[in-house]
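Please take a moment with the sequence and the model shown here before reading on.

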Amino acid sequence: ILYLISIPFLLRNNFIFKIWLTTVPDYVVSFSQIIIITSLIESLSYPLMAAAQATGQIKNYQIIIGGCLLLNLPIAYVLVKIGYAPETTLIVILVNSIICLFLRLIILRKMIGLVIKSFLLNVIVPVLSVSIIAFIFSYYINSEYRQTDFFGFLLISSSAVAATLFCIYFIGLKSSERYRFNKWIVKLVTKKEN
């Protein structure tokens, strides 16, 4: 759901900021894009956080993950101090989010016996496949239709939603999940007709 909302903002956030603000500040477009991507990565970590907290033994988990997250500030400070662009501060957070995601997997393997390979195959691979293919399609539509008006935003938004839903159904869902989904749709339609 977060991804469905995110694609139009990633592709057309310049248009959104022009409506929202009279003068678009420097870096706001790139900042917002990096923040959205970081939020998408973080959304994969939330179930892992909940699983860790459910054990009640979170001391080591908090020390490792909290310590890693605390590195954001000094690393970003050093990079900006030596001349890197302001966006670097948020890229550091993005990269650290990815590192923390894999650290959580390693910690949870010891805490609750999480099978990392299973998580990667059943969660990360389908999510990445759907995200990348849907984004490529949406990016292509966006590059073909360059007009920066409200109709263009609606076109990009609707095509992004359609592409994402299509990819979720045919790539993200297993055949058993598609069967259950189809069964639920049929049940819902017949219920409405009655």
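## Cysteines

A disulfide is taken here to be a pair of cysteine sulfur atoms within 2.5 Å. By that rule this model, which is a predicted one, has a count of 0 disulfides. Cysteine 68 shows how the rule works out, because its sulfur is 3.6 Å from the closest cysteine sulfur, that of cysteine 100, and this is too far for a bond.

For both residues, the label "buried" rests on a cut-off of under 20% relative accessible area.

## The chain as a whole

The protein chain holds 8 helices and 0 strands, so that the pattern read along the sequence is α-α-α-α-α-α-α-α. Taken along the principal axes, the box filled by the C-alpha atoms of the protein chain is roughly 60 × 50 × 25 Å.

Of the 194 residues in the protein chain, 32% are buried. Among contacts in the protein chain with a separation of 6 or more, 70% are accounted for by residues 24 or more positions apart.

## Helices α1 and α2

Helix α1, which covers residues 2-20, and helix α2, which covers residues 28-55, have axes that come within 9 Å and cross at roughly 175°. Angles over 145 degrees count as roughly antiparallel, and α1 is therefore roughly antiparallel to α2. On the α1 side the contact is made by Leu2, Tyr3, Ser6, Phe9, Leu10, Asn13, Asn14 and Phe17, while on the α2 side it is made by Val28, Val29, Ser32, Gln33, Ile36, Ile37, Ser39, Leu40 and Ser43. Sorted by class, the residues in this contact of α1 with α2 are 10 nonpolar, 7 polar and no charged.

The loop between α1 and α2 contains tyrosine 27. Its phi is near 70°, which is a positive value in a residue other than glycine. With a relative accessible area of 40%, tyrosine 27 is partly exposed.

## Helices α5 and α6

How do the axes of helix α5 and helix α6 cross, and at roughly what angle? The axes of α5 (residues 88-112) and α6 (residues 116-144) come within 10 Å, and they cross at roughly 135°. That angle makes α5 and α6 oblique to each other, and their crossing is right-handed. The contact is formed by Leu101, Phe102, Leu105, Ile106 and Arg109 of α5 together with Ile116, Phe119, Leu120 and Ile124 of α6. By class, this contact of α5 with α6 has 8 nonpolar residues, no polar residues and 1 charged residue.

## The loop between α5 and α6

Leucine 114 is placed in the loop that lies between α5 and α6. When its neighbours within four places in sequence are left aside, leucine 114 is in contact with Leu48, Leu105, Leu108 and Arg109. Leu105 and Arg109 are also among the α5 residues that make the contact with α6.

Definitions and conventions:
Residues numbered from 1 in each chain as written. Predicted model: local features only at pLDDT ≥ 70, side-chain atom pairs only at ≥ 80, totals over all residues. Heavy atoms only, no water. Axes fitted to C-alpha atoms, helices over the stretch in contact; angles between N-to-C directions. Helix = DSSP H or I, 4+ residues; strand = E, 2+ residues; numbered from the N terminus. Parallel < 35°, antiparallel > 145°, perpendicular 65-115°, else oblique. Left-handed = near helix turned anticlockwise from the far one by under 90°. Contact = heavy atoms within 4.5 Å. Nonpolar A, V, L, I, M, F, W, Y, C, P; charged D, E, K, R; others polar. Buried < 20%, exposed > 50% of the residue type's maximum accessible area, 1.4 Å probe, protein only.
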